[in-house]
Amino acid sequence: MSEERAAAPAHAKPSAPRARRPTLGPRVVIRFHPDAPLTDALFAGLAAENHEFRLERNARGELEVMAPAGGEASNKNSEFNFKLVRWAKKRRSPRGLCFDSSGGFVLPNGAIRSPDGSWVAKDRWQALTPEQRKKVLPLCPGFVPESRSASADRSSGWCPPTVPS
């Protein structure tokens with residue numbers, strides 16, 4: 001401690017503890033004003049500049065920022081995606097492609113979601129232009145198995161459930 005700094009008098013009240021910065025919980029929702037909505041282009045720019053975050057847009061146009069998955073959840077998702085790809089490749093003539101949690105989809109309600117795993121029929125994939133294939137896909141996956149977690153709220157925003165034949 002510096003000699004120049006005077007000690008606090010014995011009768012002085014202890015200083016209030018510093019306010020902690022809020023920590024990123026399982027999910028943070030950022031709302032946008034109707035006059036300045038979260039457009040596809042703005043979402044793409046935010047995602048490109050903040051690749052360390054898991055970003056999604058819900059049907060209300062709000063940006064959802066999710067904390068990274070923990071080790072157990074990440075391992076579970078990795079095992080799950082391995083099984084999904086193995087299932088898709090087992091068929092004699094693969095009818096579709098599998099995507100992991102880093103792939104995004106623009107859903108009919110305007111939400112942009114990145115499911116834990118997904119499958120898209122080959123004909124729907126082939127109907128996309130080469131440029132569309134490089135971006136968030138403008139379609140609803142044919143099959144979306146989602147891991148359950150305490151923080152995930154997938155009760156709305158997904159397409160009707162389907163299972164590929």
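A polar contact here is a pair of N or O atoms within 3.5 Å, where one must be able to donate a hydrogen and the other to accept it. Keep that in mind for the first view of this predicted model.

**View 1. Threonine 39, in the loop between strand S1 and helix H1.** The loop runs between S1 (27–30) and H1 (40–49). A polar atom of the threonine 39 side chain sits 3.0 Å from the backbone nitrogen of leucine 42. Threonine 39 has a relative accessible area of 38%, so we call it partly exposed.

**View 2. Threonine 39 and glycine 61, C-alpha to C-alpha.** These two are 22 residues apart along the chain, and their C-alpha atoms are separated by 8.1 Å.

**View 3. Asparagine 77 in helix H2.** H2 covers residues 71–90. Asparagine 77 counts as buried because its relative accessibility is 16%, and the cut-off for buried is under 20%. Leaving aside residues up to four places away in sequence, asparagine 77 touches Asp116 and Ser147.

View 4. Helix H4 (residues 130–133) has the highest confidence, at a mean of 96, while H2 has the lowest, at 88. Then come two stretches to treat with care. Residues 1–23 have pLDDT below 50, with zero contacts in the model beyond near neighbours in sequence. Residues 161–165 are also below 50, but that stretch has eleven contacts beyond near neighbours in sequence.

Notes:
Residues are numbered from 1 along each chain as its sequence is written. This is a predicted model: local features need pLDDT of at least 70, side-chain atom pairs count only at pLDDT 80 or more; totals for chains, interfaces and linings use all residues. Side-chain values use heavy atoms; hydrogens and water are left out. Helices (H or I, at least four residues) and strands (E, at least two) are DSSP runs, numbered from the N terminus. Buried means under 20% relative accessible area, exposed over 50%, partly exposed in between (1.4 Å probe, protein chains only). Contact means heavy atoms within 4.5 Å. pLDDT is the predictor's confidence in each residue, from 0 to 100.
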